[in-house]
Amino acid sequence: MSMNLYERIPNNVNLSGDKRLQRALEKWLPNYLDWWREMGPEGFQDKEVYLRTAISVQPDGWANFDYVKMPDYRWGIFLKPADANATVGFGDNYGMPVYQEVPGEFRNALRRIIVTQGDTEPASVEQQRELGKTCPSLYDLRNLFQVNVEEGRHLWAMVYLLQRYFGQDGRDEADELLQRRSGNPDKPRILEAFNQPCDDWLNFFCFTMFTDRDGKFQLAALAESGFEPLARTCQFMLTEEAHHLFVGETGVGRVVKRTAQLMKENPNEDVRELGAIPLDILQRYINFWFSYSLDLFGGEISSNSADFFAAGLKGRYKEQDNYAEHTAANENFMLSVVEDGRLAQREVPLRNALNEVLRGEYVKDCERALARWNKFLRDDGVAAELYLPSTRFHRHVGEFAGHAFDVRGELITAEEFERRRAEWLPSMADREFVRSLMHPVTEPGKIANWIAPPAAGIKGKPFEFEYVRL
Ligand SMILES: [Fe+2]
Ligand SMILES: [Fe+2]
């Protein structure tokens with residue numbers, strides 16, 4: 001599959017061979033650019049940013065690094081190469097040839113999956129659009145913009161699928177993706193985590209750590225889909241997504257490091273007084289973003305998840321590598337539910353519990369990051385530890401929505417939850433304090449006081465490199 005990098009829309013899907021589709025996408029392009037100018041990073045559209053741009057789908061050398069103004073970024077449509085002998089990897093059609101077109105009975109459900117994934121991409125750009133003004137360093141500013149332009153490209157990836165495979169419905173959905181707005185009460189984004197404000201850098205790092213990480217697991221499950229164009233699209237998106245997760249995990253890690261360092265140097269002082277973020281506020285931000293991100297996996301018991309698995313459309317995490325048996329047909333899964341006002345165990349068919357199975361993989365990955373952050377604390381002799389709250393805490397979707405739990409997962413009354421809310425979730429005062437630390441630092445090589453510098457720069461460049469020319 002050849003790369004057409006110099007067409008109006010760079011692609012490796014032979015767009016010029018499908019004039020109807022090409023016209024539809026070229027009609028969508030100016031609307032996308034209008035949206036980018038209106039809702040993309042505020043105040044930096046005419047600055048040169050040291051960005052990577054996808055130019056190939058080969059594992060080595062897939063990206064080119066250079067200065068580019070964001071509106072000139074070459075957003076393209078790239079799918080991983082097809083495997084001529086690919087077969088459906090799980091479910092009732094296990095071993096049959098993969099689907100090149102949308103299976104009729106799953107058309108609506110599949111469209112919903114693609115629209116929901118597609119909606120998160122521009123939503124996150126909207127959530128983050130003001131952050132450039134308070135960047136802690138040029139390195140971080142560049143990383144923010146890298147994430148933003150690639151979320152834009154992920155929108156292109158989903159719009160391609162909609163316009164290519166879903167006819168007029170798909171074209172309408174593509175238009176609507178540019179019309180909804182994060183946090184807008186009249187036309188909000190589809191998922192709640194994507195309507196939450198992300199207006200300070202601690203929010204940004206938690207968002208890329210926890211919420212983008214949901215994307216990793218969703219994309220990974222779809223990357224083995226029997227609907228082959230979706231699988232190949234998601235495979236390439238995952239290549240880019242890794243950097244977003246890196247930004248989040250190391251971003252929070254650098255906040256932890258800086259706080260630990262100040263606690264060590266000033267054992268009798270409150271780090272607030274020293275202009276850093278105390279661990280209790282950080283913990284509340286973790287609780288907030290972790291719990292909202294858990295909701296993104298959907299209900300614990302789900303007939304949709306069973307249907308999708310049966311159809312071979314959405315698998316488990318690393319279905320081929322991690323499982324020997326790919327029908328999941330005659331197995332059961334034990335999970336916690338609330339029954340008569342008490343926690344109870346219930347056994348359900350495994351296929352109905354696949355949202356919970358995927359969520360479990362996500363939690364393991366988050367625990368790995370927490371262990372790293374706690375090591376930073378230990379390294380500086382700080383006894384306190386950060387933790388993940390129970391997966392029942394502060395949930396708005398699934399079995400635990402509508403019930404109150406403490407951070408250890410004990411069922412409590414709604415009154416107790418409200419009484420202790422400020423202990424567990426960021427208060428207005430917390431948010432205001434964090435915001436009070438957010439002053440832009442844009443001199444090359446300098447960094448804000450509340451965060452440690454990164455261990456290394458981008459693409460072999462030093463931290464002092466001029467990542468954005470202001
Ligand atoms: Fe994305
Ligand atoms: Fe992302």
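Strands β3 (residues 332-339) and β4 (residues 342-349) pair in the antiparallel sense, over eight bridges. This is a predicted model. Within the pair, Val337 stands opposite Ala344 of β4. The hairpin of β3 and β4 has two residues between the strands. There, Asp340 takes a positive phi near 50 degrees.

An α-helix has 3.6 residues a turn, so residues three or four places apart point the same way.

Next, a helix pair. Two packed helices are described by the angle between their axes and the distance between the axes. Helix α3 (residues 138-165) packs with helix α4 (residues 167-177) at an angle of about 155 degrees. Their axes are 7 Å apart. Angles over 145 degrees count as roughly antiparallel, and therefore α3 is roughly antiparallel to α4. Which residues make the contact? From α3 come Leu155, Val159, Leu162, Gln163 and Tyr165. From α4 come Gly170, Arg171, Glu173, Ala174 and Leu177. By type, the residues of this contact divide into six nonpolar, two polar and two charged.

Now the backbone in two loops. Most residues other than glycine have a negative phi. His394 is not a glycine, yet its phi is positive, about 55 degrees. This residue is found in the loop between α10 (354-379) and β5 (404-405). Lys459 is not a glycine either, and its phi is positive at about 50 degrees. Its place is the loop between α12 (428-436) and β7 (468-469).

Are these two residues buried or exposed? His394 has 23 other C-beta atoms within 10 Å, so it is buried. The cut-off for that is 20 or more. Lys459 has 10 C-beta neighbours inside 10 Å, so it counts as exposed. For exposure the limit is 12 or fewer.

Technical notes
Residues numbered from 1 in each chain as written. Chains lettered and ligands numbered in written order. Predicted model: local features only at pLDDT ≥ 70, side-chain atom pairs only at ≥ 80, totals over all residues. Axes fitted to C-alpha atoms, helices over the stretch in contact; angles between N-to-C directions. Helix = DSSP H or I, 4+ residues; strand = E, 2+ residues; numbered from the N terminus. Parallel < 35°, antiparallel > 145°, perpendicular 65-115°, else oblique. Contact = placed C-beta atoms within 7 Å. Nonpolar A, V, L, I, M, F, W, Y, C, P; charged D, E, K, R; others polar. Pairing = 2+ DSSP bridges.
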